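Please walk through the two-chain structure shown below, one part at a time.

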Amino acid sequence: MQITTSPTPAVPSRPASGLLSFWRSFSRSRTGLIGFWMLVIAIFVAVFAPLLAPYERGASTSVQIDDIYQPPSSAHWFGTDDAGQDVLTNFIYGARVSLTVGFFAAFISIVIGGVFGLVAGFFGGRWENFLMRFTDIMLVIPDLPLTVVIVALTKPSLWNIIFVIGILGWTTTARVVRSQTLAVKSRKFVLRARAIGASKFHILVQHILPLVLPILVVQAVLAISLAILNESTLSFIGLGDPSAPSWGQMLNFAFGRGAMSVGAWWALVVPGFGIVWVVLSLTLLGQGLEQVLNPRLDTHHLMAGRPVVQKEAGAKPIQSDVLLEVQNLSIHYVGEGKAPARAVENISFTLREGELIGLVGESGCGKTTLMLALLKLLPSAGQIANGKVFYNGNDLTVMDEEEINKIRWSNISIVFQGAMNALNPVRTVGEQIGEAILKHEPSFPKDKLNARVSELLELVGIASDHREHFPHQYSGGMRQRAMIAMALACNPKVIIADEPTTALDVMIQAQILELLDTLRKKLGLAVIFVTHDLGVVAELCDKVLVMYGGVTAEYAEVDVIYNEPKHPYTQELLKAFPDLTKPKKKLSSIPGYPPRLDNLPAGCRFAPRCPAAFERCHTDEPALHAPQKDHIVGCHLAEASK
Amino acid sequence: MMNTSTEKFLEIRGLKKYFEAGRPSLFSRDTKHVHAVDGVSLTLRRSEVIALVGESGCGKSTLGLLLMGLEDPTEGTVIFEEQDITHLNDHQRKDLRRKIQMVFQDPYESLNPTQTIEEIVTEPLIVHGMGASQQEREERVKKAMEDAGLKPAEVYLSRYPHELSGGQRQRVVIAAALVLEPEIIIADEPVSMLDVSIRAEVINLLAELRISRQIAVIFITHDLGSVGFFADRVAVMYLGRIVEIGTMLEVLEKPQHPYTKALLSVIPVPNPRLRHERIILQGETPNPINIPTGCRFHPRCPVAIDACKLSDPAMTQLSKSHQAACLLVTNK
């Protein structure tokens, strides 16, 4: 084991920027920030207690009866307590005790819980059985009575209290850490580390721990607040360390020595306020940290926003037999303080009844953005900057949410990429399809629902007795068929299929393609088939739109695209294809990578990778040229050949 | 190091892997088994490329894990450089782990998101205690990265996986394998998650490595189309068995097994003028818990005859290098 020589993985090699970026994303959470500063104030008070306190610790101003439970005055801002001591002074010193207990006890429970969770989750088997059953037993025993018994039996010193709270407070941490460890352990990079020959210890320290750490941090914050509460409870029932007066003890003394009966509210409210302040700050901080560290909670970017539409008079649908017509559509992603990312620019295409158009492009070329924009499902940062989408002569881009909802699913539906994994595992496939029908046609007669679901399933080649089955009883190909059945639920005219076969085997892919082809012939469906694979669409589509970096590279009839491509990108893509008729031929690949949409090259977006690029390509963006009817090419070379 | 290419340096004999799948009922005695790999024999020569082709569930990935020692075989033997490596513990296998490396399917999942590229590629050296000094290690890392096409290496060293594209990540995985100077790379679907335009690039890279570094490659894929130009031999797997094996040209141009023929026919051809008859098999690979009787392919086979239900065909030798397991195949 040579792990000593490697740097700790939790700290990136650029720690400054790592911390900085962490702080930047953390400060976006308002709750987290409030909690953080509240805690900073509490720690400040505790650390500088001797400087802040108006009186010396434990010093009574006098021992006269009159001085007991004095109301707040200029000498004693928060009054005096049962011993004539200044409440504010005790409150400030109490912060020290409470925070000390909180931090040290939490440290103990996090270490125990973390080790138990990691070991149980990583090694499994006997270790897991033993540790987790032990944890279960600890969870069953009520914490507080046990703490009371132990503290009562031992001498109630501050360190005893810390120790007892610490060793009783680790159970939640152990469980949470174990489940996170199990999740990380099953990831492929752990298998790869094993394949390299890394030892278990190495994998645990280098690969598991860094990914469990965020959860541990959140747990630590919560453990601190729990420990402070526990200490206050113990002190309140009189088991605190008399030499270290905490907020809980202040409450205990005030409560036990008649503060209530003489109406000395300040002696109770002030320490209570301290406890609430610290626990609240830790809870808020924990929430903020969790939002930053646990990406699963970060879902705001998935919420559908309403794109801002620039209304523009003019364009009208040209032909009447066209079902869907997209005219010069541009979509920008806008972010605060950044130039808009031009994700999609100036895309036009038409779709007639029963037609199948292939939309081809590499990942990140904007094809999914374009499809989402058709149904106005863009995330809130995505805005339709220009262009029109006509469906049956109506412009979808100016419709409001209610109007577009009538179009969605019942007229245009989508089969999302990887949608087959989006089925709810605890409900039967039939129920889920039925639900989709009712959602869009609430008046659908209930007694006919099952018949309709069976009909849909048979349409996509699934025997209707599978209606009662759960998704896990379906294979990948069958789930994809079920998703297509769901998309067909309301008899749409157009189906958008976003990479419907990408994760499937070649044979299943062939089956799904055959299905889509039959469906469009049988039902007259128009299909937009989105894919990165030129080969897949060659066999069944009528037209192909090749996109590159958000713009049209080439748009033409299928035969033209494959046999007379004009755009260098289309030509290169075709060459990258293995040709089975010439198996010995070396594959050519397109050097470089697609542009990032927030960092587009000047001039033609393909120029940096283009084998035919010349000077002008690096400075001027090419216009769309039409070398012949129904053939559009976004390349300077096409202009010359006109 | 330069041995003749006919040397058998990895030999697999009758390899089987059954996973327990629980009992059919609480009162039943016999447990059910998933027959993931059900008797595979194969030899690999030095710097040879074998493509292992089949649908998901055919056992090709399990076979890869067995060879890596990441799963323990139920039966059979694996011999590497005249040493039986079938059942070795992690300690005994450590040196082998250096010689046999694996590249996984999903470059998004197979890199630790908290490590920099430099840490990822250096890690195997540290695990194996290779490289005498920090400086030597750095040189090896740079060489491996540049061999894997990450040029210049300095640009990538301090980046994190999420800052790279899919193709670049797969290159990082390959670099992390190369840094140990392996003799065999087992590549499990290394391109299926990548865009078509980048696939060619990764395949070309593996093909170059095999020539420049004399590395043998076991290329596991479901796509017969992608094995074309660089595989020496192709083995087609169905339900845990090899049903056809031969040189690349024999399998692609004169396929004999009906399953191979079907797989070949569904490969998309990027030319609408070449639209051809496709043999689309209905249904999916049967559940490997209940292997069909007789020929395991007969329920889906378009040309099955009655005899296929009864007898499990053995491999028929068609040429010196070409074998297929089908009753209808005869040695002409």
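Predicted model: local features only at pLDDT ≥ 70, side-chain atom pairs only at ≥ 80, totals over all residues.

Helix α1 of chain B, residues 60–68, is mostly covered, with nine of its nine residues buried. The buried residues of α1(B) are K60(B), S61(B), T62(B), L63(B), G64(B), L65(B), L66(B), L67(B) and M68(B). After α1(B) comes G69(B), which has a positive phi near 75°.

Strand β9 of chain B, residues 233–238, is also covered. Six of its six residues are buried, so the strand is largely enclosed by the rest of the structure. In a regular strand the side chains alternate between the two faces of the sheet. In β9(B), R233(B), A235(B) and M237(B) point one way, while V234(B), V236(B) and Y238(B) point the other way. All of these residues are buried.

The pairing of β9(B) can be followed strand by strand. Strand β3 of chain B, residues 49–53, runs parallel to β9(B) and is joined to it by four bridges. Here L52(B) stands opposite A235(B) of β9(B). Strand β10 of chain B, residues 241–247, pairs with β9(B) in the antiparallel sense over six bridges. In that pairing, Y238(B) stands opposite R241(B) of β10(B). The hairpin of β9(B) and β10(B) has two residues between the strands, and L239(B) takes a positive phi near 50° there.

Next come two helices of chain B. Helix α3, residues 117–127, packs against helix α6, residues 166–178, at an angle of about 30°, and the axes are 7 Å apart. Because of that angle, α3(B) is roughly parallel to α6(B). The cut-off matters for this step: angles under 35 degrees count as roughly parallel. The crossing of α3(B) past α6(B) is right-handed. From α3(B), the residues I117(B), I120(B), V121(B) and P124(B) meet V172(B), A175(B) and A176(B) of α6(B). The residues of this contact divide into seven nonpolar, no polar and no charged.

What does chain B contribute where it touches chain A? The contact takes 58 residues from chain B and 59 residues from chain A. On the chain B side, the elements that give two or more residues are α2 (90–99), β6 (100–103), α3, α7 (196–212) and α8 (248–253). Of these, α7(B) gives the most, with six residues. The residues of the chain B side divide into 24 nonpolar, 19 polar and 15 charged. Buried residues make up 47% of its 642 residues. Among the contacts in chain A with a separation of 6 or more, 68% are between residues 24 or more positions apart.

One sheet of chain A is open and has four strands, in the order β2-β1-β4-β5, with antiparallel pairing. Its edge strands are β2 (341–352) and β5 (394–395) of chain A, each of which pairs on one side only. Strand β1 of chain A, residues 322–333, and strand β4 of chain A, residues 382–391, pair in the antiparallel sense over eight bridges. The bridge partner of Y333(A) in β4(A) is G382(A). Helix α13 of chain A, residues 367–374, packs on this sheet and touches β1, β2 and β4 of chain A. The direction of α13(A) makes about 120° with that of β1(A).

Notes. Residues numbered from 1 in each chain as written. Chains lettered and ligands numbered in written order. Axes fitted to C-alpha atoms, helices over the stretch in contact; angles between N-to-C directions. Parallel < 35°, antiparallel > 145°, perpendicular 65-115°, else oblique. Left-handed = near helix turned anticlockwise from the far one by under 90°. Contact = placed C-beta atoms within 7 Å. Nonpolar A, V, L, I, M, F, W, Y, C, P; charged D, E, K, R; others polar. Buried ≥ 20, exposed ≤ 12 C-beta atoms within 10 Å, placed from the backbone. Pairing = 2+ DSSP bridges.
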